[in-house]
Structures are given as structure tokens and as C-alpha cells.
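Let's take a friendly walk through this model, one part at a time. Please keep the sequence and the 3D view at hand as you read.

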Amino acid sequence: MSAPSGVRAQFTPEQLAEVRRLQGLYPDKRAALLPVLQLAQDTFGYISLETEEYVAGLFDLSPAHVHEVVTFYTLFFREPTGRHVISVCHNLTCHLLGAPRVLAYLEARLGVEIGGTTPDGRVTFLSVECLCACEMAPMMQVNDRYEGLLTPERIDRILEGLR
Amino acid sequence: MAELILTRNFHLPESRTLRVYRATGGYEGLRNVLAMPPATIIETVKKSNLRGLGGAGFPTGVKWGFIPKGHASPVYLVINADEGEPGTFKDRYLLERDPHALIEGMIISAYAIGSHLAFVYIRGEYVHPWRVFSAAVQEAYAAGLLGKNILGSGFDLDVVVHRGAGAYICGEETGLISSLEGKKGWPKLKPPFPAIRGAFGAPTIVNNVETICHVPPIIKRGAAWFAGLGTATQGGTRMYSVSGHVARPGVYELPVSVTLRSLIYEHAGGMPKGKRLKAVVPGGSSAAILTADEIDVAMDVDGLKNAGTMAGSAGVIVMDETVSIPEALMVVARFYAHESCGQCTPCREATGWIYKMTRRIVEGKARKDDLDTILDVARRGAGTTICAFYDGAVGPYISYIEKFRDEFEALIPHA
Amino acid sequence: MPKLTINDKEVEVRAGTNLIEAARQLEIEVPHYCYHPGLSIAGQCRLCMVEIGNNPRPQIACNTQVAEGMVVRTETPKVLEARRSIMEFHLINHPLDCPVCDQAGECWLQIYYMKHGLYEPRMVDEKVHKPKAVPLGPHVILDVERCILCSRCVRFCDEITGTGELGIFQRGDQSEIGLFPGRELTNPYSANVIDICPVGALTDRDFRFAVRVWYLETAKSICPGCSRGCNIEVHYNLRRPHHNQGRRVARLKPRYHREVNQWWICDAGRYGYKFVDDPSRLLFPVRRVGSQAVEISWEEMIPLVAAQFSKYRPDEIGVLASPRMANEDLFLLKRLVDHLGVRNVDFRVPPRTPGDEDRILIKADKNPNTRGVELTGLSSGDGGLDARRLMSAVRERRIKCLWVFHHDLLASAWPEGEAREALGVLDCLIFQGSNQNGVSPFAHYVLPSATWVEREGTFTNFEGRVQRFWKAVEPLGASLPDWEIIARIGQALGLGPMPVKAEDCFKALAAGVGAFAGLSYRELRDTGKLVPSEGGSPPPFRTSPHGIAPAKPALERPAGSDP
């Protein structure tokens, strides 16, 4: 889910209370940086530079060090994504059991290259490393859930369910 | 059929709930355990020959014993649920289907090492497992199994569930600690080791999910029982994740003395579609590959080590005759290049370079010396890095080429 | 203190010393990139491998502390092979920029490759490409491809300046040093990252493409930018006068001093040399009669100036000494004014903008020798007028002859109109300085001074540390060191015998001024000495935990891994 452009990256008072609660769980408040960035991403849809500066302020960190964290981890999106994010595993077992075909099929069905977002903003389509669901290879992560034993029919059904 | 310990509840509906866990004997006797001297618990775990099941295979009781005596600072227990080793999915099953086993294991382990604050680091992609486990933690708190004065024992334990954000290197124990501390997942220099100076500068024990799940049965049924289930140097059962070209991919809990042949053919249903076995990765992608002739080996830590590979995370990837080993190496090399944290020079530079070379091989653009260059670069970097990630990459780099050299050379255009 | 053996030589060092420093005490070099004695341990480059005891695998030396009885070997076949391997890893993606890279000649990839690499390159794939020539701030420019990701610059901005501007973004071989997008590297010490960068990733915008370092020569000196007195080196180019736009002084570099400035210098000090080779330099003695300014020789000028002092009564004469002058100059001036009986002597001209100060190096007093002026007694006392009252007396024509050293009175905190009036109304204004300024056009007699890099001498810093600076280049034109001009005037006024070199002045100073008793150029060496009566102050920030490093000139061991 992406936020409309131009929205200012600020938490509500309730969210700020949650930030403080998270910071209090750890011996060093900096440890709450990842959960707070996740909260920001869930709220604003992605993590803009403005959001990074804002979060840096909440932690007394230099923005450069927040930027380091955001650019290091693959689950932080630095640009708006589609309403749905599909991540296809391309690691060893999935590769052996047909991931290249799954990728090609999705490219064709979605009309977008790996890494891209469909023009209607519906789906962001990624190719990722092992999701540790090899028993259901070839598989992909669709938003929060794993979908495996993929066939063209299964993929079609999944895509139909994504508004 | 050997007794199931870790997976005994998996088939039960709502096995993830406190109700079902208790109905099958979970948390029974915990109050008594929390009255035992912590040193006794550590001794029992040592004698059980329980070894780390995340990848390194280090004796768990010995690791716990490294916590300095008489220290002034807090001790932290950190559960490594950043399962990421390709071919491995067992921890996901434990989090989803028996989260209370992990919680009970954490309570006993924390008590043994003197920790009152435990962190469970779950990889960010595991959303459903995170939700299930978090709900179980809530149940435990509500039932007085976590928090202050657990079951009236006087022992306090808080659990913080912490999500990762997508980086395989956060499965390395000090990479995990760095990430837990709110930084990039850069592993830390050792020494000092985490038991001396770990998370937030305090003594820390990092253990895999499955390892900790073994602790309640060990304490309740005894070290000798657990040790007797396995081999001379590793006790108990473990969960083998089997995938690839097998009829029945999935998790198999078996005594660690099981052979790879038995695992593939007896338990996982053998090769589908009548194909022949070509190769097996026995312990996650970082383990050296085994040929079809090398599968009569016991799947315990020392058995596989003596066979020139490793038990690792027990992620077993089965490959049939249709597999192109050079292509498989390219896929694996791509993985290591993408997941290298970049902190130290040999790994950062070599993983990217070697991936480029494996790609050229698969594309038919390799040069005559590329194979020996890959082997040489792999060897030159091994043992020189901050953590064992690069050594994990070296496992496949060297074994795939050495054991299937002909197949690689066939792709190299001759001058 | 633990005793250990390195390459069969025994050495005893403080507990907590790491093996790089322990080896250094035996003058054994352990090559390294990411280690720096002034920064935390990173252990990232993996170059400092050594063999320890019976461990079959070499270990990094920077993160290993000495232990009693430890046996270390730094030149075994395994170590040499490890170094060669690590060099290859470092060069896999490094661009072949040497022909266009300023670091050439003082680049640690070059140096260590020639010493520890010398392998046949076999990387034929496309290298990773990253941004090049990215200005980070006013002084520093970044080439991300050249960066070996040693993280020294990141640690500097975190640990020394506490500003945290730099980070390492992304991961794997896509890792990049950089600023938070849209920000600048503007902390007052930003250019130190250039010194500590072992390669040409962070280079000096001021020095970019100016002159090749192998043409540079070096002289030890002291920064004249404030009263801290940071130890520096002056790097000058005489061999290729058509490079660097003809300027002789090419750059200043910090010189390690444990108490004064450790490894660092502020940006203002680092770039405070431009006035030396500037068109505004005063090159010849000038006599102004009316609106006519005529260049004359010293032989003509000296008697003219000396005669002025006979023309006026001592109480009609004023002298504004400068805390930019060296101790040698000040001492001779004091002798001269005492000889003349002139009491209206002071030095305190307040700057228009008060100086800033911080808790790292920068002092609010932007003069290098205020303590020197105070200790040589050139401030008003004994009934003489202080600077403010001196200027009033000038305007009231009670003072008719004024000798101004270096000050730009029109740029001071005093109302410009009053200063102008004073300068305009003087019968005799003598200006002695190195560059044209607001005062020099008013002067009847302009005496051109050599700048501090053009002569030797000493400054006394804020804590009373007397420190030597050496001569780098010859005085431009006919300019002379201040002490020499004063000596010639003194000689003409019968104040003899006159010193022949700066050291003569210092000897007389040590003999004549109690505060400097017992000091000599030899005593001062290149680390200076506290004036005996002063206690000194604690070092500006934490002393390096990694052991003391000996001070070696920058060009001998290129700026990078050694202090």
C-alpha cells in the first residue's frame, strides 16, 4: 500500500507512543530502529528520505546512519510500491523446480519486468533469494503469505485475488 | 520408527495454542525445573550432546558454559529465528506449529544462563510465523509463564519478539546481534565472543530455534536418553528439511545417525519420475555437495564433517540427472554475492567476481583458466574473513567444480 | 608490562597494545588500511595478518592485544601469501585511475601492491561502477569507485567530530561510501578524511590536479591560524614551477603531536596558506611621499626609518606589535623599544568578528603567538598606553609616529572611520607586514615581511608550549623575516650586537626572558616544550587507546595508514 505523494512523514501521537514503547523494550533505544522503520513503512507505504530524516530525529542518529540501515535490508522499500508485492524465490531448489518459468510467466501476465510495478499500481514484482519454503518449490511470497507449488493455473488464481 | 520429539504435535489441529501444548504435556514440570540449580541444567545439556542446529553444530552446553561467572551486567538469550540457509525450512514449522515448545525451551535456557531478557529474532519475510509466535508469547504472558515470578518460582523472564528486514547475514550470530542493536547486520570481530561481550555489550547466548526446542525434553527426560538417540558425539534427533527432486519434500525428524541414503529413499520417497540421483546438498547451500556415490553417510555433525562436508542447517537439496551443476553453482554464487554484507574485503570483492565468472561459464563465455581462478580465489579468501559467510560460499565454489569438473569444462569454449 | 617476541626480537609494551603498535616499536611495519591509532578498530581490510604462536591460520594484528610470551611472526610465507591475496581482493574492482588520480605517489594501494602484491592480474570481468568526482563539501571530493571501504572516514566523522555525516550504504560489492542524499560534508575538520583515506577516494578539492606529489618537498611547521599551534608540514613545489599555477606552497598537512593536535588540523588552518603566494604580497620596501609610492632598497630604507625614531620623543611614538610575530621577532622588538624608551607598546587589536572555539582543536584567538607577546612583555604596562588608548592618542595627535606590525586596523572591531582618521592623521606611519591590507596604503614606510613559511622561528601556543617552525621556501622579493628588519633598524640606532640568524634571537630570548629560561632550539626538537612556568593543558580529546605513534613526516610515509 503506498501513500499519496506529498504526505508529510510524521507519526500520530499514538504512533509516537508506540515508538517510545518500542524504544523502551530494549537496553539501548537504538535497537528499536528496525521496528520503527517497519512501522513507518506500514504507515507511509515506503521509506522516503524525508522519513529517514524524521526517524533519525526520533533516535538522535545522524540521517546517514539511518540511510545505511534502510539501504542494507531488502525489505525496506525506498520508493512507493504497488498495492501488492510479489516476491518470487529464485534460489537453488526453486530454480531447479521451475522458478525461471514462473518469472517468465509473471513477466508476461503482469506486463512488467522483474523489479518493476504494473502501470495501474497493482503489483510490484520482485525476484528474491531463499524464502525458506523449499518444500513447496517453486514458490513466491504474495504480501504477507507464502504461495507454493506454483503452476500457471495457481498463479492466475492468485493474481485474480489481488485487487 | 523412532520417537518424534520436536514434531510430535505438528499434526494436531491448533497445535500452536497453549491449550494443545499443555494437553500433550507441555510446560509440565517446568516449575520443578526452575527450582534446579542452573549449573545442573547446563551440565545436563552438555551431557546430552545437544549440538547447535542452526549451522555451526557447536555443543550447546559448552557454549552456555562460556558465560563468565560473577559478571555484573545482564545476560541476554537471543533466539536465532532468522532462518535463511537455502534448503532449510524447519524453524518455520516450529514457529508456526509448536511455538510454545520454543517458549518453554527459552524459559529453561534463560534460567540456566541467568538471563531475564530474551530476544527472538525472526526473519522479516516470515510474517505468518511471526504472528503465530507473537500470539503464543501473549498467551504465555497471560498464563504467568512469562514475565515476573514465573509460576511462583521467583524467576523473571521477558521476551521481545524482533523482526528482521531481509538479510541472510543476520543469521550469523554476531550479524544478528548487530541487527538487533538497530544497525546493519555486520558481524562483529571475534574475540570478544558473544558469551563474553555480545548484544548491547553484555554476555549473550545466541541459539537456533530448533536447538532450544530440544531443551525441555532433555531436562525432563534426561541427558542419557537424549544422547542415546544419536551418535557418539551428537545426541538426539533433528529436523531434516528435504527438497528438490524427491517425491515427498518436507520436514523429517529423525535420529542424527540416519544416513543420507535412508533419508532420501526411505523417508522422502526417493527420486520421482524414475530419474537417477546426481548430487545432494546435505546441509544447506553452504555445505559441500555430495555425489550420488557419497550418500552412505550418517547425517550427524561429525559424520558429515568427516565426509568433507557439513551438517549445517540440515537443509537437504536433492538433484537428479537433469540438473546442470554449473547452472546450480551460478544460482548459489548469485546468492552469496547478493547476501555478502560487504564489511570485509575478501568476501565483498570475491563473491561478486566469482558470480560473474560462473555466469560467464553458463553463458558459454568462459575462459580456459576461469575454473582454476575460481578455485584459487575461493581458497585464498577462506579463513581470512570476519565471519564464516565466505567459508560457506567456498563450500559450493570448490565442491561443485572439483566433483563435477567435466561438466564445467564442457561449457568452456576451446581456443 | 607484557613481553612478547616479534620476528625473534623481544619487546616490552603496555598492556592493551595491539600487535601493529607493538611491531611498530620494533620498527617492524605491519601493512594495514582500516586501522588507525586515533580511531576505533574496524578489522575490515584483513591486510594486517600475522602469524601468532602455533595457530595455523594468520590473524589480524589490529584486533589482537599483546600477551605475555606471545610469539608473533610477520614475514612468514603464509603471511606474505595472505598479503598478496588481500591485495588482489582490494584491486578486483578498483579502477585503473592512477594517471588521473591525485593520490598517485602517496597511494597505499600502489605502495602495498609494489611491496606485497606483484601478482599477475586475472580479473577480466566488468568492474563494478560507482559515482566518480562527487563533491562532498567545500574541501572534499569523493570517487566512490576508488574507495576500498576501509571506513576510516566514517569513523572519523563519528568519533572525532561527532557529526556522523558519512555512511556505508547498501551491501556486498554494491557498498558505497556517501553522505545522506542532499547533505554536505561541512564540519570544520572535514578535510582530515583526505589525510586518512589510504587511496584516492577522498581527495582535496584545493589540491586537485595541482601538482604531482613526487615533486613536493616538505618542511615541518606550526599552523599560524589560531593559538592552538597545530603541528603541520608545509608541502611546497619548486621543481615544477609551472604547475599549481606557479604557487610554491602546495598544501599543508597535519603533523602528529600527542598533546597538541594528535593527527588532525581544522579546515581553516589547513587552507590558511593562500596569502603566501598571493599577488597581494608586499615585495619591496616602499616609501610614500604624498601620493607617490616608490620602491627603494633596504639600504635606503633602514636609515630613513631609524631616523624617524630620533625625530620624535619616545612618548610621541607608538608600536602595535602583533601576536602573529614569532618569539624571535618579539624579543628583538622589545629590546628595541626599551632601548628607545618607547612605552606605548601593545598588541591587542580586537577582531571585527569574535573567533569561534570548540572542544576539539579550534581556539577563539586566531593568532599563533599571543602567549609569546605576553611573555616577552610587549603589552602595555609601566604607564604606557594600551592599543585602544594608543589609537585615541593618535587621533588626538599626541602620538605622531606609529609602527604597525601586520594588523589590519580597518578590519578590526574598532569603528572603521576612527581607524581611518587615525591612520590618515599620523605624521609617520610605518607598516611592517607580508601582504597589502587596509593599513599599508596609508603607510609612509612599508617594510615587507617574510611569511612564516619563508623563515624559521618559534610560536608559543595557548598553553605555553614553545614550538619551532622551519623554513620551507625563500622569502618572496626582498621581504625579510620580522626579526631581521628589526635587527637592521636596531643596528642603525646603535643597538648592537645584532643577531645573524633566528637562533641567535632565541638564545638571547632564553637568556633574557625568565619564562623561556633553559629552552633552546635543540631542546625544542620538533615537538616543542612547555614554558617551564606553565602547566600545559590536557590533550584536546582522548589520547589514542592504541598506543603512541612516533611522529614521522607525512611524505616519508604517505598520509594514510600512519600518523
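## Terms and numbering

Two strands pair if DSSP finds at least two bridges between them. Helices (H or I, at least four residues) and strands (E, at least two) are DSSP runs, numbered from the N terminus.

This is a predicted model, in which local features need pLDDT of at least 70, side-chain atom pairs count only at pLDDT 80 or more, and totals for chains, interfaces and linings use all residues. Residues are numbered from 1 along each chain as its sequence is written, while chains are lettered from A and ligands numbered from 1 in the order in which they are written.

## A sheet in chain C

Strand β16 (residues 317-320) of chain C runs parallel to strand β18 (residues 401-405) of chain C, and 4 bridges join the two. Within β18(C), C:Val404 is the bridge partner of C:Leu320.

In chain C, 7 strands make up an open sheet with mixed pairing, ordered β15-β14-β20-β19-β18-β16-β17. At its edges lie β15 (292-295) and β17 (344-346) of chain C, each pairing on one side only. On average, neighbouring strands of this sheet are turned by 15 degrees against each other, direction ignored; axes here are lines fitted to C-alpha atoms, for helices over the stretch in contact, and angles run from 0 to 180 degrees between N-to-C directions.

## A buried strand in chain B

Why is strand β1 (residues 76-81) of chain B described as largely enclosed? Because 6 of its 6 residues are buried, the rest of the structure largely encloses β1(B). A residue is buried if 20 or more other C-beta atoms lie within 10 Å of its own, exposed if 12 or fewer, and partly exposed in between, with C-beta atoms placed from the backbone. In a regular strand the side chains alternate between the two faces of the sheet. From β1(B), B:Tyr76, B:Val78 and B:Asn80 point one way, and B:Leu77, B:Ile79 and B:Ala81 the other.

β1(B) has parallel partners: 6 bridges join it to strand β2 (residues 117-122) of chain B, and 5 bridges pair it with strand β4 (residues 204-208) of chain B. B:Tyr76 stands opposite B:Leu117 in β2(B), and B:Asn80 stands opposite B:Asn208 in β4(B).

## Where chains B and C meet

Chain B gives 26 residues to the contact and chain C gives 24; residues are in contact if their C-beta atoms, placed from the backbone, lie within 7 Å. On the side of chain B that touches chain C, the largest share, 10 residues, comes from α15(B).

Terms used. Two residues are in contact if their C-beta atoms, placed from the backbone, lie within 7 Å.
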